[in-house]
Amino acid sequence: MDRTALPEPALLPPGTAVHAPAPRPRRRDHVLVRAAAALLAGLLLYAAFPPVGLAAAAPLGVALLAVACAGVRARRGALLGLVAGLALFVPLLRWSGLEVGPGPWLLLALSQAAFVVPLGAALPVVLRLPAAPLWVAALWTASEAARSRLPFGGFPWGRLGFSQDDGLLTPLASLGGVPLVTAAVAALGGALAVLALRPGARSALVAGATAVAVGLPALLAAPGPAGGGPTAAVAVVQGNVPRLGLDFNAQRAAVLGNHVEATRQLAADVRAGRAPAPDIVVWPENASDIDPFLDAEAYQAIDAAVRDIGVPVLVGAVLRGPGEDLSNTGIVWDPEQGPGQRYVKRHPVPFGEYIPLRSLARRVSSAVDLVPRDFRAGDRVGVLDVGPVRLGDVICFEVAYDDLVRDTVVGGGRLLAVQTNNATFGRSPQTEQQLAMSRLRAVEHDRAVVVAATSGVSAVVRPDGSLAHRTAVFTRDVAVVDVPLRSTRTLATRVGAAPEALLVLLAAGAVVAGARRRAA
């Protein structure tokens with residue numbers, strides 16, 4: 001026993017009763033409860049994305065993390081943010097370790113969870129302010145803005161907005177893009193947190209006002225019946241790959257052959273009247289990992305398929321150069337003039353298509369040697385004239401980046417194409433998570449989106465975000481779908497990153513105001 005806890009009995013008057021001090025509340029219990037709440041918050045956020053796809057779980061996760069952080073110091077809030085971030089990103093990104101092992105996967109998850117740390121530290125500060133839901137929304141948007149840009153160009157996977165591809169909040173994408181959808185989700189979560197922390201009429205009024213501020217614009221922005229206008233018949237070719245995993249690249253001739261054969265079969269079906277004639281054809285990323293400009297057989301195979309179908313084909317190919325690097329490229333291949341316009345991927349994936357700090361990265365994982373040559377970033381926006389269609393092209397993960405997609409629409413794209421290759425990720429939820437992004441982009445810019453995947457999921461998305469066609473994974477599939485060609489610009493297209501920038505400024509102001517209020 002600590003001898004300072006009680007007076008020495010010899011110093012007490014005779015007959016004096018000795019009482020132990022009242023037990024103090026066990027702070028460790030409170031810490032564990034908050035940590036468990038943060039863990040559950042992260043799991044709820046994870047559940048909002050495919051494969052679970054429970055969109056309503058997202059605001060609940062935001063609310064629970066806010067409640068867990070309320071009233072604590074910044075350091076403890078930061079730790080709670082880390083717990084929630086890991087609970088979200090470790091399961092969400094597990095597909096990233098399928099072929100390279102757990103090390104890179106867990107490092108990626110940790111790097112993304114790190115952005116939730118300052119969010120957790122700031123939540124206790126802004127929750128003390130009036131209109132707390134607004135500041136919570138601003139904080140989440142600011143956190144995602146940073147994560148979408150840093151480091152190495154950022155990694156926008158797991159943004160709250162991408163969990164709302166088919167819900168009541170989806171139409172908000174046409175007003176302010178993915179950042180506005182994220183802000184709406186977080187604002188609803190902030191309102192629920194206010195109700196839980198300070199029950200009463202005033203909090204109920206704040207929550208009601210938040211629901212109206214979020215719900216009314218969403219209702220007004222909901223698309224009406226599709227009108228008339230020009231259309232194009234687009235053929236989406238999913239040739240499939242010989243087997244799962246990274247080693248499909250060793251069988252690149254077979255992959256190219258699959259897409260050539262599927263296209264020539266479509267041509268035969270058109271001649272026989274079994275399929276409608278397309279205006280254009282879209283092949284996926286990596287349809288030809290053999291550079292057709294250096295390999296005569298690959299050139300002749302592609303050219304023969306394009307001449308057979310008789311319309312321009314957007315071919316996804318890996319080209320050698322510039323220098324010792326590679327280029328991930330979309331090539332417009334015309335049946336009469338041959339290959340023409342090209343789009344080179346502007347945002348190669350760090351540690352996937354190129355290795356930053358290669359010598360240092362090799363010390364962490366030998367998997368970097370699976371990328372022996374780096375892909376070079378292109379410098380031109382992906383707007384291509386594919387026959388009668390002016391098309392905006394992005395490649396694979398580029399669909400997650402706001403500016404890359406918007407640039408193609410501002411540049412005149414009337415239809416969006418996402419050429420992608422998800423074979424490396426097997427049957428994991430990665431392809432469904434990426435499809436959810438394409439659906440948000442369709443609503444954001446009022447454009448149909450054609451997703452051409454090497455092994456699935458390929459899809460055709462209407463401008464309202466609904467699916468006109470989708471494929472299964474690891475099957476051969478060819479579909480010809482009429483899609484609208486739009487030229488109008490949504491408010492989100494016109495204002496670009498302005499709503500996000502405004503919310504970031506609001507977040508910074510709220511943190512400063514909350515800190516001053518606490519110090520006063």
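Good morning, everyone. Let me start with one cysteine: Cys396 is buried, at a relative accessible area of 6%. Buried here means under 20% relative accessible area, exposed means over 50%, and partly exposed is in between, with a 1.4 Å probe and protein chains only. Cys69 also counts as buried, because its relative accessibility is 0%. As for disulfides, the structure holds 0 of them, where a disulfide is a pair of cysteine sulfur atoms within 2.5 Å.

A word on what we are looking at. This is a predicted model, in which local features need pLDDT of at least 70 and side-chain atom pairs count only at pLDDT 80 or more, while totals for chains, interfaces and linings use all residues. Residues are numbered from 1 along each chain as its sequence is written, and side-chain values use heavy atoms, with hydrogens and water left out.

How confident is the predictor? The mean pLDDT is 91, and 92% of the residues reach 70 or more; pLDDT is the predictor's confidence in each residue, from 0 to 100. Over residues 1-11 the pLDDT is below 50, and this stretch has 7 contacts in the model beyond near neighbours in sequence. By contact I mean heavy atoms within 4.5 Å.

Now the overall picture. The protein has 520 residues, and 53% of them count as buried. Its C-alpha atoms fill a box of roughly 110 × 55 × 35 Å along the principal axes. There are 15 helices and 12 strands, taken as DSSP runs numbered from the N terminus: H or I of at least four residues for helices, E of at least two for strands. Among contacts between residues at least 6 apart in sequence, 68% join residues at least 24 apart.

On to the cores. A nonpolar core is a set of buried Ala, Val, Leu, Ile, Met, Phe, Trp, Tyr and Cys residues joined through side-chain atoms within 4.5 Å. The largest has 104 residues, and Leu65, Trp140 and Leu415 touch the most other members. Helix H7 (residues 173-197) gives the largest share of this core, 10 residues. A second, separate core of 24 residues includes Ala267, Val281, Ile302 and Ala317. Going back to Leu65, its contacts beyond four places in sequence include Ala38, Leu80, Val116 and Trp140.

Which residues of H4 are buried? They are Ala109, Gln112 and Ala113. These residues cover an arc of only 100° around the axis, which puts them on the same side of H4; the arc is that of the directions from the helix axis to the C-beta atoms. Their cover includes helix H3 (74-92), helix H5 (116-126) and helix H6 (132-147). H4 runs over residues 102-113, and its end C-alpha atoms are 16 Å apart, in agreement with the 16 Å its 12 residues should span at 1.5 Å a residue. That expected span is 1.5 Å times one less than the number of residues.

Helix H8 (residues 201-221) reaches 30 Å from first C-alpha to last, close to the 30 Å expected. Its buried residues are Ser203, Ala207, Thr210, Val214 and Ala218, and they pack against H6 and H7.

Last stop: Asp334, in strand S4 (residues 326-334). Asp334 counts as partly exposed, at 21% relative accessibility. Beyond four places in sequence, Asp334 is in contact with Val306 and Pro312. Between Asp334 and Val313 there are 6.6 Å, C-alpha to C-alpha, though they are 21 residues apart in sequence.
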